Amino acid sequence: MNFAEHLMTLRKQRGWSQEELGNQIGVTRQTVSKWEMGQSTPELEKLVELARLFNMSIDRLVGLEGAEERGGDFTYQQTRAEMRSLGVYYEYSSPVKVFGLPVVHIRLGFGPRLAKGIVAIGNCAVGVVAVGGGSLGVISIGGISLGLLFAFGGLSLGLVTLGGVAIGGFAVGGCAIGQWLAAGGGALSNYLSIGGGAVSSGLAIGGSAFGHIAVGTEEAKGAFAFLQEGNLGMEEVWSVVKQEFPHMWDWVRSVIQWVLR
């Protein structure tokens, strides 16, 4: 049996469509179709991935004589060695899939190896929960992290973000930019900023504060400005905050009290 026939047989035995097989190794349905029709053959990297996926040696996959006599341990070691030579040090894909994606996909090694799954872990990861150097997910953790709900990383973007540079609805980081809340060494927000340097079109609290209402220890500038040395009562400051921003969170009162003490 030649490679094209063998590939088609293996795919059908597992009940996969050409598209499903392609998704597992990162190629299109059209590419798989060309392989099965004998119009083209996979490059070495894709042969290695196919051999791993079907749990057999490359020799057996392509139909070379004598491959059937090789033991399972040899097949595993050979495939691992070939993967290692291409820079892939570890990969795991759970057999259980949801909407065509494995529940867990781990892909680690040199190069831009993409992990795709419900839970994805890799150099680059895309999933509901994604962990990687570069990650994209509902919950995302990575050097560069983009999360629809939560993002944590050196550079993070999301609804709730935590990182060296954090941008989101609620952002906490060395440099934080948030729609509703920003807290960090430098903080910029439309509603509430808290930081060493705080800038907000709403309430700014920090060492140097610039906002509609500014509360600072060193500098405060705004329509309403309060300095630590001003000897103002907490109740007076908080009444101004609630007058201008009736829905300001109650815990902010404690932050202001700490700055003005």
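Just after helix α2, residue G26 adopts a positive phi of about 80°. This is a predicted model, in which local features need pLDDT of at least 70 and side-chain atom pairs count only at pLDDT 80 or more, while totals for chains, interfaces and linings use all residues. Residues are numbered from 1 along each chain as its sequence is written, and side-chain values use heavy atoms, with hydrogens and water left out.

The secondary structure of the protein chain comes to eight helices and seven strands, where helices (H or I, at least four residues) and strands (E, at least two) are DSSP runs numbered from the N terminus. Of its 261 residues, 43% count as buried; buried means under 20% relative accessible area, exposed means over 50%, and partly exposed lies in between, with a 1.4 Å probe and protein chains only.

Helix α2 spans residues 18-25, and its buried residues are Q18, L21, G22, Q24 and I25. Seen down the axis of α2, these buried residues fall within an arc of 160°, so they line one face of the helix; the arc is that of the directions from the helix axis to the C-beta atoms. An α-helix has 3.6 residues a turn, so residues three or four places apart point the same way. The buried residues of α2 pack against α1 (3-13), α3 (29-36), α4 (44-53) and β2 (97-98), contact meaning heavy atoms within 4.5 Å.

The axes of α2 and α3 come within 8 Å and cross at roughly 110°, the axes being lines fitted to C-alpha atoms, for helices over the stretch in contact, with angles running from 0 to 180 degrees between N-to-C directions. The two helices α2 and α3 are therefore roughly perpendicular to each other, a label given to angles of 65 to 115 degrees, whereas those under 35 count as roughly parallel, those over 145 as roughly antiparallel and the rest as oblique. On the α2 side the contact is made by Q18, E19, L21, G22 and I25, and on the α3 side by R29, V32, S33, W35 and E36.

Helix α4 is mostly covered, since seven of its 10 residues are buried, namely K46, L47, V48, E49, L50, A51 and L53. It is followed by N55, whose phi is positive, near 55°.

The structure also holds six aromatic pairs, a pair being rings of Phe, Tyr and Trp (its six-membered ring) whose centres lie within 6.5 Å, with planes under 30 degrees apart counted as stacked, over 60 as edge-to-face and the rest as tilted. The rings of Y191 and F245 have centres 5.8 Å apart and planes at 85°, so this pair is edge-to-face. The pair links distant parts of the chain, 54 residues apart, with Y191 in the loop between β5 (114-189) and β6 (192-221) and F245 in the loop between α7 (234-244) and α8 (252-260). Both residues belong to one aromatic cluster formed by F170, W180, Y191, F245, W249 and W251.

The table sets out the accessibility of selected residues.

| Residue | Relative accessible area | Class |
|---|---|---|
| Y191 | 18% | buried |
| F245 | 14% | buried |
| S57 | 1% | buried |
| V126 | 34% | partly exposed |

Residue S57 is found in the loop between α4 and α5 (58-62), and a polar atom of its side chain lies 3.1 Å from the backbone nitrogen of R60. Residue V126 lies in strand β5 and, leaving aside its neighbours within four places in sequence, is in contact with L114, A115, K116, G117, A120 and L136.

Notes: Polar contact = N/O pair within 3.5 Å; in protein donor to acceptor, adjacent residues only side chain to side chain.
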